[in-house]
Amino acid sequence: MTEELEQILLQLTQPDNAVIQQATAQLKQAFKDPAIIPALCAVMSSSQNPQIRQSAAVMLRMRVKKHWKKISPNDRESLKGVVLQAFMQESEHTVQHSLSQLCAVMVKHETPDRWPALLQLLSQSTKSSNPHDRQVGLLLLNKVMDSNPELFKPHYCQLLQLFSAVLQDHNNPTALYYCILTLTAITAYTGSEEMNQMRSIIPSLIVALKHLIKADQDQASEAMEVFNELMESEVSIILPHVADIVRFCLEVGSDTTLNDSLRVKALSCIAFLIKLKSKTVLKQKLLNPILQAIFPILTAAPPPGEQDPEDDEDDSGDGTDNDNPKHCAAQVGRSYLIVLIYSVSSVMPLIQACLASDNPYQRKGGLLCLAVLAEGCADHIRTKMLSSVLQTVCQSLSDSNQVVRCAGLFALGQFSEHLQPEVSKYCAELMPLLLGYLSSLNQAKVGHVTKAFYALENFMENLGSDIEPYLPTLMDTMLSALNNTENLKIKELAVSAIGAIANAAKEMLVPYFPPVIESLKGFLTTTTEEMRPLQTQSLDTLSVLARTIGKDVFSPLAAECVQLGLNLTDTIDDPDLRRCTYSLYSAVSTVSPDCLTPHLTAITTVMLLALKSNEGITAHLEEDKTFVLLDDDDEDDKEEEKDVDDFLEDETETDNAYIDEKEDACDALGEIAFNTGAAFQPFLESSFQQVYEMRDYPHEDVRRAAFGAIGQFCRAQHKVWKENPTEANHQALFKLLDMVLPCFVETVRTEHERQVVMGVLETMNNVIKSCKEEAFKNPSHLKEISHVIRDVLKKKVRGGETNRDEEMTSFSKTEAEYDAMLQEFAGEGIPLLASSVPADSFAPFLNDLLPLIMSKAKSSCTVADRSFSVGTIGEILQALVSVSGGRGVAGRLSNRLLPVLVAGVKDSDPEVRNNSVFGLGCLAQAAGPIVVSYPSYLSVCFSISNLRVIDNLCAALCRMILSNMGAVPLEQVVPALVARLPLKEDLEENKTVFSCLAMLYTHSPDLVQYTESYTGRDVRPAGRKCWQSSIFY
């Protein structure tokens, strides 16, 4: 069989598909023969062709990995000997690499102590006087330990002694490389007994990396991962050497003769170290050297005749390049300033010096630093220096050098994205500037025009109704670009900008709708490849228009849009295009769901095929991946199933377009199911089953979208049951909820990506809000959901865990925001639970949760935490008003909650005051008679100037009157109330105010007359205004 097998493997290497297919079939047949393992061993050991030996080793590895338990003990011992003999006699590195991976798989099953010959070989080869033998021995050691680091834990002390010696072998860079990789692999598993040895190695490690850089920069870049691993796993090991590591990384990051990948790796290490060990960095006075080193990187001019990547005319225009040392240096600067968040002004002289320089790249560097700081230190810039930095950026747009103007546009785009809502208040200054700048551009410079659109779009989308004065100029500019330019990229930018304008303007865009649609029609029906980006952008903008322009305006086009989407997916095979059609169907379902009903079979078929498809997934074709299809299926244990999952996640790459398609397919299926209601019922089960499978998909965006769709399916079934309350529909709802809610809880506990956890919490909240008591017919759901909310608030779930290192006091803005958002989504679930079940059923869980919420109301907490705390308390009390037993529970809680809310009314932040006032009103309404000092309450009312807070004070007074009119000194309260009507900002509270005024008219007409004479106002217009506003809410 050996000769036959070698011949088959040889055929697999031929450049002929027919020969390969025939050989594959023969190989599958050969694999059914019990003699396949001895035959592979023979080929691996004796073939004269290195490629065949490697293939045999790879296939043997796959066979052993899945079938080790089926191999007899005697055959296992024989196999171990054959593999080691083959490794010792092999001279080709690629074959040695495959054989070492085979050994790694076998060690996983056998453990090192049951394979003494392997340990002996490792000991002899790694200590050999022959440099090549040491290289090969360290290769084998790296592979077996990388796969099985814990199995070698008893040998760590000996191994660290070996590593200490190898790191001195500066003339053998390959040995250094494998030694450092192996050190990286064991770092997370080292214990206290190895700490001193590890610490003593760090100086030698730095010197070894310097020599490896000289020999092979790519290997050195990979080896430098050891620092990140040490910082993440055992940061105490590096603490005595922080200064040496920082100096080394700055030296590498500043060396322009090295490749970008290596420099970025070094600078990233510094950024991570600053965030992780800020106190140590400050204590050792390293921040100033760091800053002095990164500013020259930020402001360096490119080599003569070249441009920075972000200044290339073909650049995409978002102004970022994560693999660029200049960008990475800016990230280091951001980390630096997060540490010094209360003294950011101390670094401004350096930035200002750059901005005042005659060198355009110095000015660009200063602007780039400001741009990244807008993301990293948003709160400080918003509150302390927004006006001055905006003025600086605006001045840069008139700079004589295009490089500087581009940086200014990027900075303005960053400000628009990260400094909301404050930056939108400058629209009167910024919009004319941006419009004038856009009109003056040379359209031949597409890269520069792209950056101008980036800044304009980011700023416009957040303007809301403030965009109205600029609409004529904006739309003239965009329509002119669509009709008068030949450049497809500029047309695409204009179409995208129209979508941003629509998001802000909404119905105000109606006068421009006909010419926009007329322009889009020509782009939507094209079939040429060069027009594809413009076509997909047009579909995206059409979807935005469907959601924003108004149902009456868009509905006449709904059926035509659905047919357009179907025609495009029938004729063009493009994942981006299909993704856009899914979004279009979804948008149409919000304005005219009936138009989708006749086509749901075709629409769901395409989307479900997209979810099932493996198109766009490419294996990293290392040795074993070529032969995956040759392995027989068998029922392996869960550990081996996990190996398959890890293979899918770690060993494959998926084209982003196909990931985006799956994500949008999930989103669209969920929204369409809810909006089309009963019409979607024939497709609900198949859609649910396929989307449910996507909850374990390797890419987090797809997982998040899948959970969102699963929640929408539950809401859709609830809606169908409410409209047609049959027992079958009711049971279908229970079946869904009993499957989905435990799945949500488990995912919140185990999912490691914060974004997915936030998505699941938000979706679970939406399901509870829609289904209310139906979600808790199974009593275990209330307990499970309450407990998982508690654990999120305690940061005991995987996605909410933070590094508990006592020095980790600085997080990136993104991490801190995500932590706060995670808590917020969990907190939003508490009032939803309170409104869905009888108060006495929820009371034990509420008693568990309230201390966690109240702890965030302390004056030492952040404004966001205080606002979240009192706001959540108010919403819980509001929920208790409408449920059985709510008054009793609220009354028992009033003594605990009243001091918190009263303190919040005196808070320095208007949002905290606003939420506290709302909470006081809800407490009065929910608990009935409570002790409130009305004169002091009214004095607060008179002293506050914030309109939104005043509106909530009015609503709170009304709730107190509605709850217990006899306990309120109406002669004092009602005149003060009426004097501040109608409401100015929080119009949702008009319902409460109108209900109160109506009751006063009915029960106390004399008081109304007194109030009118006291205030000199007729109460009826104010009441009418409140009533008119209330009918819209």
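## What helix α8 packs against

The buried residues of helix α8 pack against α5 (73-89), α6 (93-110), α7 (116-126), α9 (156-166) and α10 (173-187). Here, buried means under 20% relative accessible area, exposed means over 50%, and partly exposed lies in between (1.4 Å probe, protein chains only). Contact means heavy atoms within 4.5 Å. Helices are DSSP runs (H or I, at least four residues), numbered from the N terminus. This is a predicted model: local features need pLDDT of at least 70, side-chain atom pairs count only at pLDDT 80 or more, and totals for chains, interfaces and linings use all residues. Residues are numbered from 1 along each chain as its sequence is written, and side-chain values use heavy atoms, with hydrogens and water left out.

## Inside helix α8

Helix α8 covers residues 131-147, which is 17 residues. At 1.5 Å a residue it should span 24 Å; the expected span is 1.5 Å times one less than the number of residues. Its end C-alpha atoms are 25 Å apart, which agrees. At the start of α8, a side-chain oxygen of Asn-130 comes to within 2.8 Å of the backbone nitrogen of His-132.

The buried residues of α8 include Arg-134, Val-136, Gly-137, Leu-138 and Met-145. Asn-142 also lies in this helix. Asn-142 is buried, with a relative accessible area of 3%. Leaving aside neighbours within four places in sequence, Asn-142 is in contact with Tyr-178, Leu-181 and Thr-182.

## Salt bridges

The structure holds 24 salt bridges. A salt bridge is a side-chain nitrogen of Lys or Arg within 4 Å of a carboxyl oxygen of Asp or Glu. Side chains of opposite charge can pair when their charged atoms come close.

Asp-573 forms one with Arg-578, the closest N and O atoms being 2.7 Å apart. Asp-573 is exposed, at 60% relative accessible area. Arg-578 counts as buried, at 11%. Asp-791 and Arg-790 also meet in a salt bridge (3.2 Å, N to O). Asp-791 counts as buried at 9% relative accessibility. Elsewhere, salt bridges that share partners join Glu-77, Lys-80, Glu-110 and Arg-114 into one network.

## Around Arg-532

Arg-532 sits in helix α28 (residues 532-548). Its side chain meets that of Glu-529 in a salt bridge (3.3 Å, N to O). Glu-529 is exposed, with a relative accessible area of 58%. Arg-532 is buried, at 7%.

Not counting residues up to four places away in sequence, Arg-532 touches Thr-526, Thr-527, Ile-572, Asp-574 and Leu-577. Arg-532 and Asp-576 are 44 residues apart in sequence. Their C-alpha atoms are 9.1 Å apart in space.

## The largest nonpolar core

The largest nonpolar core has 337 residues. Such a core is a set of buried Ala, Val, Leu, Ile, Met, Phe, Trp, Tyr and Cys residues joined through side-chain atoms within 4.5 Å. Leu-205 and Phe-227 have the most contacts inside this core. Its largest share, 11 residues, comes from helix α26 (residues 488-505). The core draws at least three residues from each of domain 1 (1-110) and domain 2 (115-238). These domain bounds come from an automatic or database domain assignment.

Which residues does Phe-227 contact, leaving aside its neighbours within four places in sequence? Phe-227 is in contact with Leu-205, Ile-206, Leu-209, Ile-245, Phe-248 and Cys-269.

How values were computed
Helices (H or I, at least four residues) and strands (E, at least two) are DSSP runs, numbered from the N terminus. A polar contact is a pair of N or O atoms within 3.5 Å; within protein, one must be able to donate a hydrogen and the other to accept it, and residues adjacent in sequence count only if both atoms are side-chain atoms.
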